[in-house]
Amino acid sequence: MKNVLERPQATNLDKYGLKNCRVNWNLSGEELQEIAVRKGMGTETENGTLSVNTGTFTGRSPQDRFLVKDDYTKDKVWWGNINKPLSSENFGLLYDKMTEYLSGKEIYVHDGYVCSHPDYRMNVRTIAEYPWSAFFVKNMFLRLKEEELEDFSEEWLVLCAPGYVEAEPAKYGLRQGNFSILDFTRKVALVGGSAYTGEMKKGIFSALNLILPVEKDVLPMHCSANVGQEGDTSIFFGLSGTGKTTLSADPDRKLIGDDEHGWTSEDVIFNFEGGCYAKVIGLTEESEPDIFRAIKPGALLENVIFKKGTKEVDFFDATITQNTRVSYPIYHIADIQSPSYAKNPKNIFFLTCDAFGVLPPVSKLTPGQAAYHFISGYTAKVAGTEAGITEPVPSFSACFGAPFMPLHPTVYAEMLSTKMKEAGVNVWLVNTGWSGGPFGVGSRIKLKYTRAMITSILKGELENVEFEMHPIFGLYMPKYCPNVPIEMLNPINTWLQKGAYIQKSIQLAHSFHLNFEKFSAEASEQIINGGPLIDEHHHMEAEF
């Protein structure tokens with residue numbers, strides 16, 4: 001494989017090893033949509049939005065994600081199940097096979113950048129086999145002005161060939177024919193055998209998650225962010241289904257971004273992206289007005305089903321996948337911060353959907369607890385109800401984004417702790433899940449109450465209220481919050497059977513301890529002490 005970065009800029013693609021291609025350079029969204037429809041690769045909905053089917057893969061394939069292990073990465077990356085190594089030699093061979101596959105084809109090149117703050121901007125060129133893959137990155141990466149395209153030079157290259165499936169995966173250190181690989185020395189991301197567009201987005205996010213902390217002293221975060229009229233920034237961490245997108249869309253605040261941000265040593269929060277990639281299963285205009293209204297020409301729908309005999313999308317139909325999605329440029333949202341960065345984070349919210357009904361609806365965290373819960377990245381998945389299974393399953397994803405984090409989670413957690421202390425940030429754990437019992441017994445906390453808690457925090461209304469400590473988790477729960485029923489604030493009060501609550505709390509605390517064992521060797525004493533105070537071998541009935 002040639003070192004593409006040392007070659008001068010050219011209007012053809014020979015320097016990438018691509019021969020005799022019919023190249024479409026930086027087409028508009030309208031042009032890419034027209035080509036996709038004409039080639040039978042997409043359909044327009046009744047309002048003119050492009051809809052595509054991503055084929056075999058309707059989500060990322062984390063087991064087929066690799067990082068090239070070389071002098072740059074070998075001592076930096078936390079190698080294991082998430083970050084699987086691939087040799088530089090095998091990467092080069094796969095690159096050459098992919099470029100040979102793409103040679104002679106019609107391909108689509110998109111030039112853009114990531115990181116909205118000018119000090120951290122990184123140019124990315126995407127070379128895609130499909131027109132709608134280029135359409136996706138046009139939505140998701142930040143867009144250049146016409147004059148900036150003329151002398152564009154990329155720092156990273158994304159090569160996306162969904163039609164290339166490796167016939168002999170084992171020969172190249174792969175698990176199967178599809179793959180997503182990052183090479184930090186060559187600065188190339190390869191996506192082969194999968195048309196799921198999220199592989200490109202998350203590939204570049206993963207690259208930034210190593211480059212920014214190691215080279216720029218910037219903390220990369222899998223979070224949404226918004227800013228108030230006074231310039232006060234809030235950050236929302238949370239796994240899928242916890243309310244990250246919903247709660248950051250606040251009519252009184254401007255959206256900075258809904259998924260990926262950096263926090264600099266100058267206390268600036270900046271968006272990595274130029275668009276949003278939202279789940280649309282069960283979408284209604286009432287539940288998510290911003291997302292619903294953003295689905296218009298210029299957006300890209302994935303794996304949705306039309307109502308029979310129409311071009312109207314049935315957002316409740318999960319025939320293809322539960323992971324139906326839309327990507328759209330951020331300016332499809334009405335109230336956005338432009339350019340998409342802001343100063344002074346005042347509050348950080350860790351969102352969890354606790355289906356066990358154990359965690360308080362809102363609690364304030366100490367720096368040690370904040371680092372512990374950040375590393376843990378807890379939420380609970382509701383098990384399928386077939387055959388009477390109603391027991392939730394705890395789910396932990398380090399830093400609320402483990403699949404995209406090349407470094408050891410404690411590296412990000414220590415950075416977060418340092419930045420929190422320097423900026424005097426308050427950190428809150430917000431349970432958007434169950435109250436009054438676990439899933440199947442209790443009920444989901446109403447969105448209006450969660451919004452009321454967050455609004456009270458943003459207005460400073462919890463600064464002077466009294467807090468009490470949860471005896472098992474050590475969390476500090478406010479005794480009063482405007483517009484929220486007082487009995488909700490300490491979750492034991494909402495359970496009919498207090499003993500069952502204590503038992504379930506101890507069970508969940510034990511799950512936290514078990515999950516954290518793999519991090520404890522690298523974690524400081526302050527972080528370890530931020531965890532639950534007891535495990536299942538202790539009993540605390542008298543404390544409540």
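This is a predicted model: local features need pLDDT of at least 70, side-chain atom pairs count only at pLDDT 80 or more; totals for chains, interfaces and linings use all residues.
The ring of Y277 pairs with that of Y196: the ring centres are 6.2 Å apart and the planes meet at 45°, so the arrangement is tilted. Because Y277 belongs to strand β16 (residues 275-279) and Y196 to the loop between β10 (188-192) and α5 (198-216), this pair ties together parts that are 81 residues apart in sequence. Y196 is likewise buried, with a relative accessible area of 5%.

Across the whole structure, 30 aromatic pairs are found. One of them joins Y164 and F179, whose ring centres are separated by 6.3 Å and whose planes lie at 75°, so this pair is edge-to-face. Y164 is located in the loop between β8 (156-161) and β9 (179-183), whereas F179 is in strand β9, 15 residues apart. Relative accessibility is 8% for Y164 and 2% for F179; Y164 is therefore buried, and F179 also counts as buried.

R121 is placed over the face of Y113, 4.2 Å from the ring centre, and K84 over that of F66, at 5.9 Å.

Strand β15 (residues 268-271) is covered on both faces, with V268 and F270 buried on one side and I269 and N271 on the other. It runs antiparallel to β14 (residues 260-263), to which three bridges join it, and G262 stands opposite F270. Four residues separate the strands of this hairpin, in which D267 adopts a positive phi near 60°. Three bridges also pair β15 with β21 (residues 341-343) in the antiparallel sense, Y341 being the bridge partner of F270 in β21.

Methods: Residues are numbered from 1 along each chain as its sequence is written. Side-chain values use heavy atoms; hydrogens and water are left out. Buried means under 20% relative accessible area, exposed over 50%, partly exposed in between (1.4 Å probe, protein chains only). Helices (H or I, at least four residues) and strands (E, at least two) are DSSP runs, numbered from the N terminus. Two strands pair if DSSP finds at least two bridges between them. Rings of Phe, Tyr and Trp (its six-membered ring) pair if their centres lie within 6.5 Å; planes under 30 degrees apart count as stacked, over 60 as edge-to-face and the rest as tilted. A charge sits over a ring if NZ of Lys or CZ of Arg is within 6 Å of the ring centre and within 35 degrees of the ring normal.
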